[in-house]
Amino acid sequence: MNPNTEYERFTQEVYQQLLNCRHPNIANVQHNIKLEGRSGCKHQIDVYWEYENDGIKHRVAIECKNYSKHVPKEKVCAFNGVLIDLDGVEGIMVSKKGFQSGAKLYAKECGISLQELREPEVGETFIGNMALDFHIEKRSTLFAVDEQWAKDHNIAIPEYKRRMDMISFTHEYNWSNASHIPLELADWVIRDAEGKEITTLNLLEQQTPDHPTDAFPFVFPFDDAYVKTAYWGLVKILEIKYTYETEDQQQNITIDAEGFVKAILKDAFGEDPGIRIIRQLP
């Protein structure tokens with residue numbers, strides 16, 4: 001597609017989205033149409049729409065200038081001549097690079113709106129930095145396995161501890177040397193050697209606070225107790241320990257709308273200091 005036509009289509013999409021928010025009764029923002037003036041001459045219009053507001057019909061024409069430099073006054077003069085012949089059509093001229101000072105003076109006198117419309121440049125969609133404070137509380141349930149019993153029943157607890165160290169992302173624990181380790185359980189029942197229920201993890205947790213205190217860790221010793229694990233079946237344990245850890249963290253987040261911004265649109269006269277950001281169109 002011709003670069004000038006691409007810019008016209010780009011302008012059409014952006015203004016269609018803007019007008020959908022402001023004037024839902026606008027049926028369509030059209031591209032590349034012909035309008036007949038009072039003289040009988042037909043004029044090619046890059047982008048055009050009509051709408052009614054409080055019973056008043058508005059007709060708007062946009063002239064698109066896909067220039068790599070500022071638009072000169074002569075181009076604004078030519079567009080103004082078209083608007084005079086069309087009679088009653090409001091005019092907007094858009095450009096990627098802005099307008100010469102003479103073009104701005106002439107357009108302001110004639111009531112033509114000048115807009116800079118372009119895709120965002122690198123770094124232009126940066127919004128700011130945000131510092132987030134996190135307070136993390138983590139309660140853990142750990143088990144002291146009877147490692148001699150486990151060895152006699154072909155359960156390699158030392159190898160399990162080493163694997164846990166290998167897959168740890170944070171490396172905050174040294175499981176290989178830990179006396180108490182996490183286990184994946186099939187249920188929460190604590191049994192004796194005959195399979196009779198001694199207690200449950202639910203009952204033990206009811207005896208421990210759900211918030212950090214100086215009383216942690218809470219340790220519950222057992223003489224003859226087993227838990228049912230997901231991989232090994234019954235495993236003999238010596239203790240269950242509840243720990244509570246707290247940590248305060250701060251994370252800095254960069255907020256950038258890159259990828260979500262379709263266009264930057266701003267008033268070339270500088271009367272609208274805010275840059276309007278148009279969301280990415282589907």
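What percentage of the 282 residues of the protein chain count as buried? In this predicted model, the share is 40%.

**View 1. Overall make-up of the protein chain.** The predicted model contains six helices and twelve strands. Among contacts in the protein chain with a separation of 6 or more, 61% are accounted for by residues 24 or more positions apart.

**View 2. Packing of helix H2 against helix H3.** Two packed helices are described by the angle between their axes and the distance between the axes. Helix H2 spans residues 73-86 and helix H3 spans residues 101-110; their axes lie 8 Å apart and meet at an angle of about 20 degrees. H2 is therefore roughly parallel to H3, since angles under 35 degrees count as such. The crossing of the two helices, H2 and H3, is right-handed.

**View 3. Residues at the contact of H2 with H3.** H2 contributes Lys73, Val76, Cys77 and Asn80, while H3 contributes Gly102, Ala103, Tyr106, Ala107 and Cys110. By class, the residues of this contact comprise six nonpolar, two polar and one charged.

View 4. An α-helix has 3.6 residues a turn, so residues three or four places apart point the same way.

Conventions. Residues numbered from 1 in each chain as written. Predicted model: local features only at pLDDT ≥ 70, side-chain atom pairs only at ≥ 80, totals over all residues. Heavy atoms only, no water. Axes fitted to C-alpha atoms, helices over the stretch in contact; angles between N-to-C directions. Helix = DSSP H or I, 4+ residues; strand = E, 2+ residues; numbered from the N terminus. Parallel < 35°, antiparallel > 145°, perpendicular 65-115°, else oblique. Left-handed = near helix turned anticlockwise from the far one by under 90°. Contact = heavy atoms within 4.5 Å. Nonpolar A, V, L, I, M, F, W, Y, C, P; charged D, E, K, R; others polar. Buried < 20%, exposed > 50% of the residue type's maximum accessible area, 1.4 Å probe, protein only.
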